[in-house]
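Have the structure open as you read.

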Amino acid sequence: MSTELLVSIGIPVLLIIVGKVLGSNIERRHYASIAAREARFGDQPAFSTKQSNTSRPVRSAKLATGSVVVSVDHFKRFVSGFRMIFGGEVRSYSSLIDRARREAVLRMKESQPNAHVYLNTRLETSTISSTSGNEGIGTIEVLAYGTAVHYDRAP
Amino acid sequence: MILTNIDSVPGRQIVQHFGLVQGSTIRAKHFGRDFAAGLKNIVGGELKGYTELLQESRAEATSRMVAQARDLGANAVINVRFTTSSVAQGASEILSYGTAVMVE
């Protein structure tokens with residue numbers, strides 16, 4: 001009886017601890033990689049406007065897309081459960097969305113790495129559901145796409 | 001075939017419009033990938049299997065749209081949009097659509 005109880009409580013608690021330790025480690029490494037790659041694309045901005053105010057001749061314009069599927073760890077899923085009781089901002093999920101958006105924009109840029117600007121950048125978010133019930137909660141896909149414009153030469 | 005998601009092809013002149021073209025695909029994820037993603041869910045982070053699956057289906061939808069545009073005699077598709085909707089649990093539809101045009 002007591003071993004049954006130990007197993008039924010122990011396994012979820014173990015998963016939460018594993019999720020906390022490994023999850024925050026994965027997140028830290030991901031943010032480090034995002035920061036390094038964003039620095040590399042510092043002078044190739046992504047605009048949400050359809051025009052860039054320049055009259056430089058255009059060499060090529062191509063569609064650039066980038067997408068990523070990210071999920072939160074068990075610990076954050078557990079913490080957010082409490083937040084659902086009291087309401088308010090779910091901070092543990094903010095970093096998930098932030099990581100996914102920045103990663104998607106970076107992948108969009110990496111798909112056309114030589115462009116000068118990315119016009120009309122759009123972000124689309126969709127949730128991923130699981131076939132086996134609600135375990136897909138906290139899993140999102142972000143797609144970023146825009147028009148990668150390559151100018152002829154410096155003005 | 002030139003694709004853009006703005007109203008024009010920068011640096012080119014549009015000479016003819018052919019109207020809306022679209023391509024879509026509905027994909028389900030297979031059991032193995034779902035299982036691996038379930039394990040990855042514990043620690044969080046990127047689920048590469050799903051990223052690839054969605055990228056493949058988006059490429060498929062785009063190539064169907066491009067094929068439709070080619071049939072009309074277009075050489076570019078402007079104002080391309082992507083949407084995703086879930087049809088059933090575990091299956092999603094990816095749609096891409098745009099306006100087929102002829103540029104110089």
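Start at one pair of residues: Ala64(A) stands opposite Gly146(A) in S3(A). Here helices (H or I, at least four residues) and strands (E, at least two) are DSSP runs, numbered from the N terminus. Before going on, note that this is a predicted model, where local features need pLDDT of at least 70, side-chain atom pairs count only at pLDDT 80 or more, and totals for chains, interfaces and linings use all residues. Residues are numbered from 1 along each chain as its sequence is written, while chains are lettered from A and ligands numbered from 1 in the order in which they are written.

Strands S1(A) and S3(A) run antiparallel and are joined by 13 bridges; two strands pair if DSSP finds at least two bridges between them. Which strands make up the open sheet, and in what order? Its four strands follow the order S2(A)-S3(A)-S1(A)-S3(B), with antiparallel pairing. S2 of chain A and S3 of chain B are the edge strands, each pairing on one side only.

| Strand pair | Bridges |
|---|---|
| S1(A) and S3(A), antiparallel | 13 bridges |
| S1(A) and S3(B), antiparallel | two bridges |

In S3(B), Gly45(B) is the bridge partner of Ser71(A).

Now for the wider meeting of the chains. The contact takes 39 residues from chain A and 29 residues from chain B, where two residues are in contact if their C-beta atoms, placed from the backbone, lie within 7 Å. On the side of chain A that touches chain B, S1(A) gives the most, with nine residues.
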